[in-house]
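Here are my notes on the side-chain contacts in this model, as promised. Have the structure open while you go through them.

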Amino acid sequence: MKYIDRKGNITIEENGQDKLLRHLYNDWGGRLCLKVLVRPFVSELGGAFLNTRFSARIVPGFVKRNNIDLSVCEKQEFSSYNDFFTRRLKAGQRPIAENERFLISPCDAKLTVCRISGESRFYIKDTQYTVKSLLKNERLAERYLGGYALIFRLTVEDYHHYCYPADGQKSDNVKIPGVFHTVNPAANDVFPIYRENSREYCLLKTEKFGTLVLMEVGAMMVGKITNLHPGSCEVKRGQEKGWFEFGGSTIVVLVQHGKVRLDADLPENSENGYETIVRMGERIGECKLPKRTGKTD
């Protein structure tokens, strides 16, 4: 994997998860195993185990292998693996960019920026998708032609809580059932990811950034996507939206054409084949509305 942070530091690595998934998707024996692993009952069993006290024994080794700093968390001892995985950070660890003209990252993740073309097609790690197939709503998809798809890929070491990227009026949630399937790029050569994944989205109507689509995508071995506000309501930027339980997961934000000026490094990094490391609450773009001067007509 090729990552770059906001200071331009590059990391190229392949972890154990990447190697396992390459085997599952590219070897004959691995594909046979995968047919079993993606079944819902397997995900449910895995989720049940990760809620047991026995699963807490996995935590110390995982923390060490992934260099996770528990000192920034509210607690350092956990009753189960999922208790650890859904851990909360101490107050102030993810400050929110103060300027309300800034669109903020909804989560800790590796970000890829994709332009939504006139054919309503875009690419995620060399795999082609349509906004229509993602949303299963052709009319809604047409509203985002010429805009951007922001793909936030959370890996197992990331903080798995996420927030609203802007103030606005949130719609009811729309749930799209599907087979739990990994979002790791190793899967892309074999399966179209988002056509297989269970996902949930809402619309966020904002004053400064148009109407955003906020979508959470579950992955293989993710037992649950927990959103705190299933119905329509007013929300604030930086307010917690929800969290994922165990597994690599993805958040997709769709941005309408002409509403947001993304920070230049983000699309540039994506064009050069890098995922950009971002943190929840940091600036990723700015609204295109004119600045207020205090003058009246």
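1. Which backbone oxygen does the side chain of Ser55 reach? That of Leu50, at 3.2 Å. The side chain of Ser55 also reaches the backbone nitrogen of Tyr81, at 2.9 Å. Both go down as polar contacts (a pair of N or O atoms within 3.5 Å; within protein, one must be able to donate a hydrogen and the other to accept it, and residues adjacent in sequence count only if both atoms are side-chain atoms).

2. A word on the source before going further: this is a predicted model, where local features need pLDDT of at least 70 and side-chain atom pairs count only at pLDDT 80 or more, while totals for chains, interfaces and linings use all residues. Residues are numbered from 1 along each chain as its sequence is written, and side-chain values use heavy atoms, with hydrogens and water left out.

3. Back to Ser55, which is found in the loop between α3 (40-49) and α4 (59-65). Helices (H or I, at least four residues) and strands (E, at least two) are DSSP runs, numbered from the N terminus. With a relative accessible area of 0%, Ser55 is buried (buried is under 20% relative accessible area, exposed over 50%, partly exposed in between; 1.4 Å probe, protein chains only). Leaving aside residues up to four places away in sequence, Ser55 touches Phe49, Leu50, Ser80 and Tyr81, where contact means heavy atoms within 4.5 Å.

4. Now the rings. Seven aromatic pairs turn up in a search of the whole structure. The rings of Phe, Tyr and Trp (its six-membered ring) pair if their centres lie within 6.5 Å; planes under 30 degrees apart are stacked, over 60 edge-to-face and the rest tilted. Take Tyr162 and Phe244: their ring centres are 5.2 Å apart and the planes are at 50°, so this pair is tilted. Tyr162 sits in strand β8 (residues 161-163) and Phe244 in strand β15 (residues 240-244), so to speak distant parts of the chain, 82 residues apart. Tyr162 and Phe244 are buried.

5. Tyr81 comes up again here: ring pairs link it with Phe62, Phe78, Phe84 and Phe85 into a cluster.

6. Two charges sit over rings (NZ of Lys or CZ of Arg within 6 Å of the ring centre and within 35 degrees of the ring normal). The charged end of Lys110 is over the ring of Tyr3, 5.5 Å from its centre. Arg283 has its charged end over the ring of Phe102, 4.2 Å from the centre.

7. On to the 14 salt bridges in the structure (a side-chain nitrogen of Lys or Arg within 4 Å of a carboxyl oxygen of Asp or Glu). Arg94 and Asp108 make one, at 2.7 Å, N to O. Arg94 lies in the loop between α5 (81-85) and β3 (102-104) and Asp108 in the loop between β3 and β4 (109-115), so the pair ties together parts that are 14 residues apart in sequence. Arg94 is partly exposed at 25% relative accessibility, whereas Asp108 is buried at 2%.

8. Lys110 also has a salt bridge, with Asp158 (3.2 Å, N to O). Both Asp158 and Lys110 are buried.

9. Finally, look at Glu286 and Arg101, a salt bridge with the closest N and O atoms 3.2 Å apart. Both residues, Glu286 and Arg101, are buried.
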